[in-house]
Amino acid sequence: MPTPSTRAPRRDATANREAILAAAAVALNEDIDASLENIAARAGLSRRAVYGHFATRDELLVEVFTRGARRLAALLDPVSHPDPLVEIALFGATLWAEVEHVRVSAALAVRGPHRELVGTALDPARERLRETVRRGMESGRIRTDLDRETVTRLIENAAVSVLDEATRARLSPEAGHRLVMLAGLGAAGMGWTDAGALIAATPELAFGAAGTTASPASTASTTAEGARR
């Protein structure tokens, strides 16, 4: 018997899946315990339709978190600058531009029960940071009182801490942008005054210069609307 050819998913099924993921990103940021019913309603779909794509709520969360981590790693990959300290600040600014609209769920992604899966998705970005730290230590721009792995972890953890602080203090996008750079540079060994001077003197580090992303709220609305057409 002839083997049936593999068929691509129907366009509406693909659109529905995208609508669910986009709606989940928004709902989880507003309420990390958001139900599948809430997410389905935001996507303009039924609860049954959600179960057609994700067997459990946990499965949906894993996809939302790991997908976001893969996207972030891809965005960080081309970030480059001759000065490793500026490069570290650019990493932070790029990360903030990508996740500030979903800071609550982003913090959970890297610290919650799925952190190992998210960490694996972020491995390429972590390797980039590790190489930047190596280059900075060799040139004397980054602290050498600690080993490279420790400094790399400190910089990474500093960025995660900013997500927590930004949520607690309800920081504006611009304030969070500055804080994530200061935190990363501080972990790399810079004093806060020197870090502030570097940021002020580097046009690439100005708010908005590192790139911005569309709010997931608008993305979810647009995607869900497309799915209903």
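The model is a predicted one.

**Exercise 1.** State how the elements run from the N terminus on, and what percentage of the residues is buried.

Solution. 
- Step 1: From the N terminus on, the elements run α-α-α-α-α-α-α-α-α-α-α-α.
- Step 2: The protein has 229 residues, and 44% of them are buried.
- Step 3: Turn to the contacts. Taking those between residues at least 6 apart in sequence, 68% join residues at least 24 apart.

**Exercise 2.** Describe the largest nonpolar core: which residues touch the most other members, and which helix gives the largest share?

Solution. 
- Step 1: The largest nonpolar core holds 63 residues.
- Step 2: The members that touch the most others are Ile-20, Leu-60, Ile-142, Ile-155 and Leu-185.
- Step 3: Helix H5 (residues 84-99) provides the largest share of this core, ten residues.
- Step 4: Take Ile-155 and leave aside its neighbours within four places in sequence. Ile-155 is then in contact with Ile-88, Leu-129, Val-133, Gly-184, Ala-187 and Ala-188.

**Exercise 3.** Find the volume of the second largest pocket and work out what lines it.

Solution. 
- Step 1: The space in the second largest pocket is about 250 Å³.
- Step 2: Its lining has 14 residues, and those closest to the pocket centre are Val-110, Arg-126, Glu-156, Asn-157 and Val-160.
- Step 3: Helix H6 (103-111), helix H7 (115-121), helix H8 (123-139) and helix H9 (148-169) are the elements that give two or more residues to this lining.
- Step 4: H9 gives the most, with six residues.
- Step 5: Sorted by type, the lining of the second largest pocket has seven charged, four nonpolar and three polar residues.

**Exercise 4.** Locate Arg-170, give its phi, and decide whether Arg-170 is buried or exposed.

Solution. 
- Step 1: Arg-170 is placed in the loop between H9 and helix H10 (173-187).
- Step 2: Its phi is positive, about 55°, although Arg-170 is not a glycine.
- Step 3: Most residues other than glycine have a negative phi.
- Step 4: A residue is exposed when its relative accessible area is over 50%. Arg-170 has 75% relative accessibility, so Arg-170 counts as exposed.

Definitions and conventions:
Residues are numbered from 1 along each chain as its sequence is written. This is a predicted model: local features need pLDDT of at least 70, side-chain atom pairs count only at pLDDT 80 or more; totals for chains, interfaces and linings use all residues. Side-chain values use heavy atoms; hydrogens and water are left out. Helices (H or I, at least four residues) and strands (E, at least two) are DSSP runs, numbered from the N terminus. Buried means under 20% relative accessible area, exposed over 50%, partly exposed in between (1.4 Å probe, protein chains only). Contact means heavy atoms within 4.5 Å. On a 1 Å grid over the protein atoms alone, a cavity is a set of points where a 1.4 Å probe fits but cannot get out, and a pocket is an open set with protein on both sides within 12 Å along at least five of seven lines; lining residues have an atom within 4 Å of a point. Grid points are joined across faces, edges and corners, and a volume is the space filled by probe spheres set on the points. Ala, Val, Leu, Ile, Met, Phe, Trp, Tyr, Cys and Pro count as nonpolar, Asp, Glu, Lys and Arg as charged, and the others, Gly among them, as polar. A nonpolar core is a set of buried Ala, Val, Leu, Ile, Met, Phe, Trp, Tyr and Cys residues joined through side-chain atoms within 4.5 Å.
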